[in-house]
Amino acid sequence: MKRQTGKKFLFSMFLAVGVAFMLSACGSGGGTSSSSSSGTTSDGVAGSSSTETATVTAVSSLASTSGGGADASGGTASTSLTVADKVSVVEADSSSIASPVMRASSDMFMALGVDAATNHTTLSAISGSDYATDPQSVYISERSTEAFGVINDILCIISNTKADDTTLMNSGTYTAQVNEKTCSSDRDNAGGQSSDGASASQATNYQYWTVNSYRADDSSAQIIAVWGHMEMYGGTDTTTGKESKVKTVVVGRVVVSESASTTNPYGKFIFTFRIWPEGTDGHADLSGGETTAIMKGFLAAVDDGSGQIVLKFGIKSNSSGAAFTESKLATLYRASDGSSGSGTVELIEGFNKDAGAKKFSFDFNSTAFLRGIAGDSTSEKCLDRASFDETVWRYNIYDSAGKRIPVNSGYPIKYTDTSSVNHFGWMGYWGLWLEGITASNISGKTVNKVDWSGGTEALTPRVAFVSNGKLVKHTNASMALSSMHGVPFEWGTWDSTASKWIQYQLEWNATDQLFYKTAQMDSSSWTWDALATPVAITTATAELNNEWELWFWSQSLGGSGRIKLKSDAGTFSYPTNSTLVKYQTESTIYPGDTTVPATLMCFENCPDASAMATTSPYYSNTNWESGGATISSSNNTVSTTTVKAGAGTYYYEYAYNTSTMVLTDSNRGTAVVQNSAPTGDNNGYGVHSGQLIDPADFTDANFGCPWSTTTTTCSWRMYETVTSYYTYQTGPQPWSRFTGLYADNDSSGTLTTGDEFDTFSPPVQVAYTKTNTDSTTTKYFLEYGGYGDLWGIPGKCVDEAGADTDCYDSTGTTFIRWVPEFSIPDGGEVDNSGTTNYVKSLEKEQRMKENTSACSALSLTAYTLPDPVDFFVDPSDSTKVYYVGVEPSLADAPIKVIDGVVQ
């Protein structure tokens, strides 16, 4: 299976911030011809230009509703109108969220058992429990919905600002902290398993949205003014030459005349927005005018007067390259009950409008959905509205009482700088994020923990501690190989015939107790090629016979592991189900931890403190075993009186300071600190040491080489002989340094023995046992980071028909989706350190299956796409009726919403 990396256009990276339902498509989908006929190009509904005119008139009338600027207040309305949090072409089968039974799209989906259904019924019946009340959503993912990606991003965010909450309506301007992951459609990592460097991807990153929700009375439309602050790719770092993020401000205005409802899930509204660079004053920088605006867009949902809801949508991005064009346009006519509809969408993304354009028309009724290019029957794809593949993207985990499993992931913070400017952020397990401030710049300064639960801002002072490095403790663990049945993991071996190193994906089959190769890494494209037939590794193949251990990396185990193949005497034995798999768990060391040895020994990847500013920051002449290459006399040497330490055993010694949290290179006499990425370093992820061990563990029993018990030392034996070891990292990135906040209990202003650090819960480790179609089981180790955040399920790729396919297409013309390999049913059980917990899905995606005979009553029409002149009016333009005013400062807009919860 090949894995494809998406292109990083500025616009595409904006989508990654929070598109709710974006498809990961590549090129044209092609399709199977159906028996339906194609219509002709038309201006409006079935060629009705009068309906088109009526739609424009309706939109213009709704859009011109006055009021709602930054200072709007004092309305008398008692109820708030609900804004749609997403739009889609066709409605999903909502019965899916009421049942734990999920339709299987392939034999990789688990066989659903009675226990899951029983658990779901039992937990759902607990009145008022989190399990019973946590909302579930289900939506249709289809090629034509690509056009609605950006708008669904922002609608989701606006929904999370609680602009439709009655208590916030007419209350003046306020600020909402929106976790960007909440509305993220970063689906490429199907499951998002943590691995080395995952601190960056899992870290909380809040966007700040200033909101004013206003309604004059219960007969008036509701106006919502928003100013959203987010970072998006679109710049280049002048020092490194790498792509960098730029700060932007979304200025938007929503006018809602009718709430979204079950009969009309769109409601009636118009939303228009423009994205600008953020200026030095923290507000949208309008000084450059049209040429510097990053993006503009609009979405209008109105009644056309004939009983249909008309949806008009358009966005367009600016680019520094004049030939580069990105835009999305859509026209959708839909019966108010969703039973039928038709429309046209166009997506332009490239350097040539014709070459980069994808244009679809569609028609649907209650049973089928037809999509293709009007006039081209060979492009048509007929889909069944009653038959789906389903994928779950988000889950929660609950106890037996239906209560959500708590994860103490962090809290909001506020820092006031020397210019009395307030900066807001978040402190949690993955570190500190502070808007507009580099963490290292606040070390030793007071930062306030913010609590809004009482309705007002309550501040608790904390002192920031930021080190130049971070020490992580690794504790060895193990399990039987039988538990890894069917779990894919990566393994490399030297192919003497091809004279090169080859990476494979392996799976253990517990039935015949053999390893099977299932995929091979393409070294030119760095993608996985699925093997047509899995290849068994037997004793006869001799691929493992010369290895002492099988080292591997597994997403489901959260990192590296090893399987012993030879005894200490060198006798090879093929593994069995009872063979132990060794792996490591991790925990970050806090300042003042007295359990860390003052001295640590390093045998490989030992950082050279004098080379931190170079692209080779490690000592080059370390060795794993005694008797290796000649080592400089300046390096540390194990004393000849030490157990199992011949004169040829060498290591590097480091001193660890529990106060400063950095290592000192004993050989150089200086601290191991990297403050900036070296010039020309294409990695930029900092310096990561090899294994660091306690000298007290350096004994004959722990480190004696299997082939010699008296004169040689093998440092790699730490994986099976010692309880734990350490690794150290340093670098300019926040995740390469320790950052913490502590209570200054003695008011000394410095870290002392009596001061206490706030600690946070790591993701909860749970084990899910999946039942396969052959009745065998596979255990997957997952991590739960809090509401909706469960990761660790492996991914796979599917084609437009939902069938498994390679994840890479060199032509760029094949439709490809990367989805989780399987879904956990509602009520499914997971093991949380010996306690049974239960899973409930929060967000399901449905993909209609192909049915070539279902579309005989449907036909395609190419509708007129909206003209931006008729619909888009800049809400940041003071001369227009849409104008929302100048964004208030954070000081004048208190935080009233965090993570979608009114404080």
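**Exercise 1. Decide whether F757 is buried or exposed.**

*Solution.* Start with the value: F757 has 15% relative accessibility, so it counts as buried. Buried means under 20% relative accessible area, exposed over 50%, and partly exposed in between (1.4 Å probe, protein chains only). Now try F738: at 3% relative accessibility, F738 counts as buried too.

Before going on, a word about the model. It is predicted, so local features need pLDDT of at least 70 and side-chain atom pairs count only at pLDDT 80 or more, while totals for chains, interfaces and linings use all residues. Residues are numbered from 1 along each chain as its sequence is written, and side-chain values use heavy atoms, with hydrogens and water left out.

**Exercise 2. Describe how the rings of F738 and F757 are arranged.**

*Solution.* Step one is the rule: rings of Phe, Tyr and Trp (its six-membered ring) pair if their centres lie within 6.5 Å; planes under 30 degrees apart count as stacked, over 60 as edge-to-face and the rest as tilted. Step two is to apply it: the structure holds 20 aromatic pairs. One of them joins F738 and F757, with 5.8 Å centre to centre and 70 degrees between the planes, making the pair edge-to-face. Strands here are DSSP runs (E, at least two residues), numbered from the N terminus. Finally, widen the view: ring pairs link F738 and F757 with F465, Y590 and Y742 into a cluster.

**Exercise 3. Work out how strand β13 is placed and what it pairs with.**

*Solution.* First, burial: five of the six residues of β13 (residues 368-373) are buried, so this strand is largely enclosed by the rest of the structure. Next, its partner: five bridges join β13 to β14 (residues 376-398), and the two run antiparallel. Two strands pair if DSSP finds at least two bridges between them. For a landmark, find A368, which stands opposite D384 in β14. Last, the turn: β13 and β14 form a hairpin with two residues between them, and G375 in the turn has a positive phi of about 90 degrees.

**Exercise 4. Find which residue has its charged end over the ring of Y882.**

*Solution.* Look for NZ of Lys or CZ of Arg within 6 Å of the ring centre and within 35 degrees of the ring normal. The residue is R253, whose charged end sits 5.7 Å from the centre of the Y882 ring. For a further example, K449 lies over the face of Y411, at 4.7 Å from the ring centre.

Definitions and conventions: Helix = DSSP H or I, 4+ residues; strand = E, 2+ residues; numbered from the N terminus.
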